[in-house]
Amino acid sequence: MNNFLRKEVKLLKALQGISYTELAESYLEIKKNSFYSWLHGDFDLSLEKQKLLYEVIETLKECIL
């Protein structure tokens with residue numbers, strides 16, 4: 001699931017210009033450096049954060065449709 005979320009986050013940034021900092025700090029309430037480390041595969045998010053990020057991604061994707 002983490003690899004899927006990483007791809008979706010990158011796609012969201014490319015298509016909508018959502019910044020990684022905004023996703024990290026505003027939605028997930030984690031530091032941007034931690035988010036970048038996660039993005040590069042250094043660790044996996046907890047199940048709680050995975051679910052939250054998935055919901056955020058789905059919500060933001062709906063906004064462009």
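The questions and answers below go from the overall fold to single residues.

Biologist: What am I looking at, and how are residues numbered?
Modeller: This is a predicted model, where local features need pLDDT of at least 70, side-chain atom pairs count only at pLDDT 80 or more, and totals for chains, interfaces and linings use all residues. Side-chain values use heavy atoms, without hydrogens and water, and residues are numbered along each chain as its sequence is written, from 1.

Biologist: How many helices does the protein have, and in what order do the elements run?
Modeller: Helices here are DSSP runs of H or I with at least four residues, strands are runs of E with at least two, and numbering starts at the N terminus. There are zero strands. The order from the N terminus is α-α-α-α. The helix count is four.

Biologist: Why does the protein count as compact as a globular protein of its length?
Modeller: The radius of gyration is taken over C-alpha atoms, and the globule rule is 2.2 Å times the number of residues to the power 0.38. For 65 residues that rule gives 11 Å, and the protein is close to it, so it is as compact as a globular protein of that length; its radius of gyration is 11 Å.

Biologist: Which residues does Val9 contact, leaving aside neighbours within four places in sequence?
Modeller: Contact means heavy atoms within 4.5 Å. Val9 is among the residues with the most contacts inside the core. Its partners are Tyr20, Leu23, Phe35, Trp38, Leu39, Leu53 and Ile57.

Biologist: Is Met1 buried or exposed?
Modeller: Met1 sits in the segment before α1 (2–16). Its relative accessibility is 53%, so Met1 counts as exposed.

Biologist: What separates the C-alpha atoms of Ser34 and Thr21?
Modeller: Ser34 lies in helix α3. At 30% relative accessibility, Ser34 is partly exposed. Thr21 is 13 residues from Ser34 along the chain, and their C-alpha separation is 10 Å.

Key. Buried means under 20% relative accessible area, exposed over 50%, partly exposed in between (1.4 Å probe, protein chains only). A nonpolar core is a set of buried Ala, Val, Leu, Ile, Met, Phe, Trp, Tyr and Cys residues joined through side-chain atoms within 4.5 Å.
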